[in-house]
Amino acid sequence: MRLLVIGGDAAGMSAASQARRRLGPDELEIHAFERGDYASYSACGIPYWVGGLVDGPEALIARDPAEHRKNGIAVHTRSEVTGIDLAARTVTVGDRTEPFDHLVYAAGAVPVRPAWADTTADGIFGVQTLGDGAALDAWVTTARPADAVVIGGGYIGVEMAEALIRRGLRVTLVERAGQPMSTIDPDMGALVADAIRGLGIELRAGVTVEALETGGGRVRAVVTDAGTFPADVVVLGLGVRPNTALADAAGLPLGATGALATDLRQRVTGPDGVVEGVWAAGDCTEVNHLVSGQKAHIPLGTHANKQGRVAGINIGGGYATFPGVIGTGITKICDLEVARTGLSTREAEAAGFRYVTATVESTNRAGYFPGAVPMTVKILAEKDTGLLLGAQIVGRSEAAKRIDAFAVAVWNRMTVTEMTALDLGYAPPYAPVWDPVLIAARKASDALSG
């Protein structure tokens, strides 16, 4: 039996590794094709590498092709799959075809690149792959730019803005929405905006990019509807879209989000049922949002690894499912921590929920203990049932990981009233006697009762 994997990162290699654990080389031959230079790496670490906080790229590689080969998985880098023939059960790689019994489509996502960014000028970078990170790091080191413009104020945008400030550049962060981190509510986003400006970053929210000025073969400025900003380097942080062009051309079914549709076992599935022997995982797939009940495209390495593991177990003869996600995310801007899970108010309204909110100010430790710093916690609860719908946290040391308590509560469909009795850990160095999680739940419970 022969397994081919398209994409050599988190989802694809997790699938390959799990299948290999269950079936030996005599039972299953595995080949993974990766169009880039690296496999099994952490793209999430790129901003910290560029910012000088971690080494790269080797430190960001979990397992290189040689290690995979020792485990009986042939990883082919610089090998782009350009065609899939479902009837013949082959893929095209370069000038050859490769047959498969099982195919895992794990091609990931591709950066959004508007028409105004379609230029061959130097100094314009995405940060999707380790190769992107290496190119940006080399440019900052050798070209010695003075002015950077980061376009997009989501996770990658704010992380890259901080990285470039650390490298000594003057940084402008341009975001089309009215706030950075638009996945959280405006009142919480305002706290993030203050922190970004506090780093010395010029934040321009509510601003639309119209063009890039170039000259001498390199970028010179970013033109927006609010003026022109000088730029020796531009970083595109405009988000990603599922990399499904190859799948679509082969006739594989796409879902409502434009990503591949799968069942709970990660089998590619369309209106006509399961596509036998074809699996998909990672950023190229859509997922079930367990709170909104809607399909979503939420590209995160955590989901990719889990989905790949599920596909590999099933290919190897086991049984596993991936039920869905609840939208948990976390990041930092210097010492400010930002986290969310479940639904924001905008998402709750779009899903048709009636809800109440509660926002509390607390501290990470007992107020009298050294190092106590403030945090803001906001939660949403369904008005009729009291179910926790979502939570957001903005704070400093030891704030953001408290989102995990909320994530478990959302996952298990707890009410905010039930949460007030949670037996959370307490000691003055770690939490107030009433943890911020409990204070927020208590305030939401009070709001529900009147």
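The model is predicted, so some care goes into what is counted: local features need pLDDT of at least 70, side-chain atom pairs count only at pLDDT 80 or more, and totals for chains, interfaces and linings use all residues. Residues are numbered from 1 along each chain as its sequence is written, and side-chain values use heavy atoms, with hydrogens and water left out.

Let's begin with the whole chain. Its secondary structure comes to twelve helices and 26 strands; here helices (H or I, at least four residues) and strands (E, at least two) are DSSP runs, numbered from the N terminus. Along its principal axes, the C-alpha trace spans about 65 × 55 × 40 Å.

Buried residues make up 51% of the 450, where buried means under 20% relative accessible area, exposed over 50%, and partly exposed in between (1.4 Å probe, protein chains only). Of the contacts (heavy atoms within 4.5 Å) between residues at least 6 apart in sequence, 64% join residues at least 24 apart.

Now to the strands. Strand β26 (residues 388-395) has eight of its eight residues buried, so it is largely enclosed by the rest of the structure. Strand β23 (residues 336-342) runs antiparallel to β26 and is joined to it by six bridges, with Gly 342 partnered by Gly 390. Strand β25 (residues 374-382) is also antiparallel to β26, with seven bridges, and here Leu 380 stands opposite Gly 390. β25 and β26 form a hairpin with five residues between them, and Gly 386 in the turn has a positive phi of about 80 degrees.

A parallel pairing is found between β2 (residues 29-33) and β3, joined by four bridges. His 31 has Ala 74 as its bridge partner in β3. In a regular strand the side chains alternate between the two faces of the sheet. Strand β3 (residues 73-76) has a covered face with Ile 73 and Val 75, and an uncovered one with Ala 74 and His 76.

The loops deserve a look too. Ala 121 lies in the loop between β8 (109-111) and β9 (124-125), and is buried, with a relative accessible area of 13%. What does Ala 121 contact, leaving aside its neighbours within four places in sequence? The partners are Thr 214, Gly 217, Arg 218 and Val 219. The C-alpha atoms of Ala 121 and Val 219 are separated by 5.9 Å, although the two residues are 98 residues apart along the chain.

Most residues other than glycine have a negative phi. Arg 144, in the loop between α4 (130-142) and β10 (147-151), has a positive phi near 50 degrees. Met 181, in the loop between β11 (170-175) and α6 (186-198), has a positive phi of about 55 degrees. Arg 144 is exposed, with a relative accessible area of 68%, whereas Met 181 is buried, at 2%.

Note on methods
Pairing = 2+ DSSP bridges.
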